[in-house]
Amino acid sequence: MKKTNTLIVGASVSGLASAACLQKQNIDYLIIEKTNSIGTPWRNHYHRLHLHTNKRISNLPYKKFDSAIPRYPSRQQVVDYLEDYQREFGIDPIFNTEAKGIKKDAVDWVTETNNETFHSRYVIIATGAFTKPKPVYFKGIETFPGKILHSYEYKTGSDFKGQKVLVVGFGNSACEIAIDLYEQGAQPSMSVRSPVNVIPRDVFGIPILELSLLMSNLPPGFADAINAPLLRLLVGNITKLGLKRLPYGPLEQIRKNASIPLLDIGTIKHIREGHVSVHDDIDHIEGRTIYFIDGKKQLFDAIVAGIGYYRDYEEFIEVDPSRFEDLKQRVHKQKYFGKDGLYFCGFWISPTGQIREIGLDARTIAKDIARKEKV
Ligand SMILES: Cc1cc2nc3c(=O)[nH]c(=O)nc-3n(C[C@H](O)[C@H](O)[C@H](O)COP(=O)(O)OP(=O)(O)OC[C@H]3O[C@@H](n4cnc5c(N)ncnc54)[C@H](O)[C@@H]3O)c2cc1C
């Protein structure tokens with residue numbers, strides 16, 4: 001059994017930020033990570049990935065990205081930044097240690113892992129909002145002879161050169177994967193089930209998230225109404241491209257659905273130019289033929305499903321489920337923030353960038369623990 005003041009579970013962006021902030025508050029902590037490295041999700045993402053949020057608002061507390069790094073750092077540059085961060089703060093995770101059960105006894109939080117048991121006054125859950133890939137299923141999928149991947153398994157379009165690939169979904173990963181496939185010599189199509197919002201990543205050379213920050217105190221519906229004419233001008237009419245538009249704007253979308261609108265880095269242009277075609281939702285699959293619900297059909301060689309992730313904290317944290325409902329709010333609005341010493345870092349989907357929000361969460365949590373320790 002190991003004892004510490006605060007146990008951090010997960011050593012990626014949220015876990016490292018939490019560790020640095022606890023150090024600044026002189027709080028004793030341990031950090032456990034189920035894999036054998038820090039920032040594992042970023043090591044495993046597809047190769048073309050760059051941050052969609054600009055670096056000025058995507059750094060962790062107390063350390064900026066190097067000035068030589070471009071405005072939108074690459075996946076590898078994010079990994080390098082996280083490694084530098086770990087080194088600079090001397091963060092020393094206990095690797096290959098997965099939290100299997102976390103519950104409160106009369107005094108402490110007790111975290112059972114595959115190795116040992118940890119007792120702590122406080123626990124910070126930093127296991128990620130995008131953890132467990134949603135299962136890929138379509139009627140008739142078992143008859144499809146080609147490769148079927150979830151987007152988390154996709155690495156590079158060069159694996160699909162010359163192939164007809166159907167990308168399912170229209171989130172930021174799906175849309176960048178479609179570009180990557182086209183650039184690497186595949187023929188991508190997209191199957192889009194739901195209505196979407198599209199915003200350009202930059203507006204007149206300024207990152208859109210910087211503008212979003214300026215408006216972050218306005219009610220989302222009001223800010224969307226102000227932005228709507230400009231977005232129409234910049235993005236054009238997406239319904240002419242076979243897409244359905246959500247009846248409310250991007251900020252309302254984040255608030256209502258906890259889903260991120262498309263921060264477009266060129267997919268719309270590729271669709272307009274005919275490099276990427278758009279299909280309706282999949283009805284069923286028969287061999288290589290994919291049938292769509294609008295009655296159209298087409299042959300494909302591979303499917304990449306950009307269909308998102310589930311969260312899995314309910315599987316290993318034993319608390320009243322209302323604690324998880326609370327995560328639909330940013331930390332300082334959470335009803336149960338820090339209740340009994342349990343904190344969550346990095347779960348609220350933010351209109352101004354997830355990494356920026358993680359930094360704010362980590363600072364708020366560390367300050368709250370320090371305040372409680374002084375009492
Ligand atoms: C493809 C993609 C692109 C993104 N791009 C951006 C972007 O441009 N800008 C932005 O601001 N945000 C972006 N995000 C959102 C967010 O910033 C990242 O997902 C970020 O990695 C979240 O960090 P995290 O530490 O909260 O979670 P994760 O990075 O998912 O890390 C969770 C860590 O916890 C570990 N873990 C999980 N369960 C356990 C357990 N039971 N016990 C021990 N360890 C465990 C995991 O192994 C992992 O290391 C992106 C997300 C994705 C998926």
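Reader: What percentage of the 375 residues of the protein chain count as buried?
Author: The model is predicted: local features need pLDDT of at least 70, side-chain atom pairs count only at pLDDT 80 or more, and totals for chains, interfaces and linings use all residues. Numbering starts from 1 along each chain as its sequence is written, and side-chain values use heavy atoms, with hydrogens and water left out. A residue is buried under 20% relative accessible area, exposed over 50% and partly exposed in between, using a 1.4 Å probe and protein chains only. Of the 375 residues, the buried share is 51%.

Reader: What is the radius of gyration of the protein chain?
Author: The chain has 10 helices and 20 strands, where helices (H or I, at least four residues) and strands (E, at least two) are DSSP runs numbered from the N terminus. The globule rule is 2.2 Å times the number of residues to the power 0.38, and the radius is taken over C-alpha atoms. For 375 residues the rule gives 21 Å, so the chain is as compact as a globular protein of that length, with a radius of gyration of 22 Å. Along the principal axes, the C-alpha atoms fill a box of roughly 65 × 45 × 40 Å, and the radius asked for is 22 Å.

Reader: What share of the contacts with a separation of 6 or more joins residues 24 or more positions apart?
Author: Contact means heavy atoms within 4.5 Å. Counting contacts in the protein chain with a separation of 6 or more, the share from residues 24 or more positions apart is 66%.

Reader: At what angle do helix H1 and helix H3 pack?
Author: H1 covers residues 13-24 and H3 residues 75-89, with their axes 11 Å apart. Axes are lines fitted to C-alpha atoms, for helices over the stretch in contact, and angles run from 0 to 180 degrees between N-to-C directions. Angles under 35 degrees count as roughly parallel, over 145 as roughly antiparallel, 65 to 115 as roughly perpendicular and the rest as oblique. The angle of H1 to H3 is about 25°, which makes the pair roughly parallel, at about 25°.

Reader: What is the handedness of the crossing of H1 and H3?
Author: A crossing is left-handed if the near helix is turned anticlockwise from the far one by less than a right angle, and right-handed if clockwise. Val13, Leu16, Ala17, Ala20, Gln23 and Lys24 of H1 touch Leu82, Tyr85, Gln86 and Phe89 of H3. The crossing is left-handed.

Reader: How many nonpolar residues are in the contact of H1 with H10?
Author: H1 passes helix H10 (residues 354-374) at about 40°, with axes 8 Å apart, in a right-handed crossing. Val13, Ser14, Ala17, Ser18, Cys21 and Leu22 in H1 meet Ile355, Ile358, Ala362, Arg363, Ala366 and Ile369 in H10. Ala, Val, Leu, Ile, Met, Phe, Trp, Tyr, Cys and Pro count as nonpolar, Asp, Glu, Lys and Arg as charged, and the others, Gly among them, as polar. By class, two residues of the contact are polar and one is charged, and the nonpolar ones number nine.

Reader: Which residues of H7 meet H6?
Author: The axes of H6 and H7 come within 7 Å and cross at roughly 140°, which makes H6 oblique to H7. From H6, the contact takes Pro220, Gly221, Ala223, Asp224 and Leu231, and from H7 it takes Pro250, Leu251, Glu252 and Arg255.

Reader: Which residues in helix H7 are buried?
Author: The cover over the buried residues of H7 includes strand S10 (198-200), helix H5 (208-214) and helix H6 (220-235). H7 spans residues 250-257, and its buried residues include Pro250, Leu251, Glu252, Gln253 and Ile254.

Reader: Is Ala99 buried or exposed?
Author: Ala99 lies in strand S3 (residues 99-104). Beyond its neighbours within four places in sequence, Ala99 is in contact with Val9, Ile32, Thr111, Glu112, Thr113 and Phe316. With a relative accessible area of 10%, Ala99 is buried.

Reader: What is the phi of Asn26?
Author: Most residues other than glycine have a negative phi. Asn26 lies in the loop between H1 and strand S2 (29-32) and is exposed, with a relative accessible area of 72%. Although Asn26 is not a glycine, its phi is positive, about 55°.
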